[in-house]
Amino acid sequence: MSMLQLKYSVPGDDFTRAGEASGDVKHKLKKLGYNPAAIRRVAIAMYEGEINMVIHAGGGEAIVDVDPDKVEILLIDHGPGIADVNKAMQEGWSTAPDNVRSLGFGAGMGLPNMKKYSDEMTIDSVVGQGTTLKMIVYAQSPKP
Amino acid sequence: MKINELAEALGWKKLTDCDGADREALGCYCGDLLSWVMGRAKADDVWLTVMGNINAIAVATLADVSAIVLVESAALDAEALARANQQEVAIYATELPAYETALQIAAALKA
């Protein structure tokens, strides 16, 4: 059991609401007096995940477990899955459509950013079934 | 230097209720691709961009930049303005391009 568990439903195809879940997590971590550098890393990593679910998966679910020493973010969707995870992890590689690019997304930096800002990340994806992504950010991390 | 002082020194036009008087400008980042900004900008950077949409406000909040400056008088849409006011993100506009604006910020922060 974590100290605090937060659950969010991320709506699909709604870019105006993407960021509500990560914004709320940021706000709550701030109130808890969490390390500001860790809060920033959680917020960015989770927002990138939210955006991915909005763009690619028709939305999904986010479950965030907060403990004094770490934040665990679980992102679950039932979208098309990621055919080639290694490719998706490459900076600049993106399958985002043009309308998404015009909003400033689709630079192919989402997953690389999530890896960069989390201390641990695992992707479990099945084509045609969906993707479950887990990230851990430690309160005291050697990462900047 | 505080954001409101920097804005006054460089003649930026304030678009939001919030003027950034409580935020320090420690550096500057230029970019329009949102994930690029989230990957590279540092906390308390002034973010120079032409992206005036609601997603830019989310990025500014989550990446914790100290202000957004819309360069070349890029438009800020109404939805984004409302969200910025709600989230207390300071947004300014300038007619100058990102390059000149960044040079001016560098000079002001060095002074």
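This is a predicted model: local features need pLDDT of at least 70, side-chain atom pairs count only at pLDDT 80 or more; totals for chains, interfaces and linings use all residues.
Q: What is the strand order of the open sheet in chain B, and how is the pairing described?
A: The sheet has 5 strands in the order β1-β5-β4-β3-β2, and the pairing is mixed. β1 (13–14) and β2 of chain B stand at the edges with a single partner strand each, so one side of each has no neighbour in the sheet.

Q: Which strand pairs with β3(B) over 4 bridges in the parallel sense, as strand β4 does?
A: Strand β2 (residues 27–30) of chain B runs parallel to β3(B) and is joined to it by 4 bridges. β3(B) also pairs with strand β4 (residues 67–70) of chain B, again parallel and over 4 bridges.

Q: Which residues stand opposite each other in these pairs?
A: Tyr29(B) stands opposite Trp47(B) in β3(B). Cys30(B) has Leu48(B) as its bridge partner in β3(B). Leu48(B) also stands opposite Val69(B) in β4(B).

Q: Which helices lie in the β-α-β units that involve β3(B), and what is the handedness?
A: From β3(B), helix α3 (residues 54–63) of chain B and β4(B) complete a right-handed β-α-β unit.

Q: Which way do the residues of β3(B) point, and are they buried or exposed?
A: In a regular strand, side chains alternate between the two faces of the sheet. Here Asp45(B), Trp47(B) and Thr49(B) point one way from β3(B), while Val46(B) and Leu48(B) point the other way, and all are buried. With 5 of the 5 residues of strand β3 (residues 45–49) of chain B buried, this strand is largely enclosed by the rest of the structure.

Q: Which residues touch the most other members of the largest nonpolar core?
A: Nonpolar side chains tend to be buried together in soluble globular proteins. In this model the largest nonpolar core has 73 residues, and Val42(A) and Ile68(B) touch the most other members. α2(A) gives the largest share of this core, 12 residues.

Q: Which residues are in contact with Ile68(B), leaving aside its neighbours within four places in sequence?
A: The contacts are Trp47(B), Thr49(B), Ala56(B), Ala60(B), Val89(B) and Ile91(B). Trp47(B) and Thr49(B) are among the buried residues of β3(B) that point one way.

Q: How many helices and strands does chain A have?
A: Chain A has 5 helices and 5 strands. From the N terminus on, its elements run β-α-α-β-β-α-α-α-β-β. The radius of gyration of chain A is 14 Å, close to the 15 Å that the globule rule gives for 144 residues, so chain A is as compact as a globular protein of that length. Along the principal axes, its C-alpha atoms fill a box of roughly 40 × 30 × 30 Å.

Q: What part of chain A is buried, and what part of its contacts is between residues 24 or more positions apart?
A: Buried residues are 39% of the 144 residues in chain A. Of the contacts with a separation of 6 or more, 63% come from residues 24 or more positions apart.

Note on methods:
Residues are numbered from 1 along each chain as its sequence is written. Chains are lettered from A and ligands numbered from 1 in the order in which they are written. A residue is buried if 20 or more other C-beta atoms lie within 10 Å of its own, exposed if 12 or fewer, and partly exposed in between; C-beta atoms are placed from the backbone. Helices (H or I, at least four residues) and strands (E, at least two) are DSSP runs, numbered from the N terminus. Two strands pair if DSSP finds at least two bridges between them. A crossover is right-handed if, with the strands pointing away from the viewer, the path from the first strand over the helix to the second runs clockwise. The radius of gyration is taken over C-alpha atoms; the globule rule is 2.2 Å times the number of residues to the power 0.38. Two residues are in contact if their C-beta atoms, placed from the backbone, lie within 7 Å. A nonpolar core is a set of buried Ala, Val, Leu, Ile, Met, Phe, Trp, Tyr and Cys residues joined through C-beta atoms within 7 Å.
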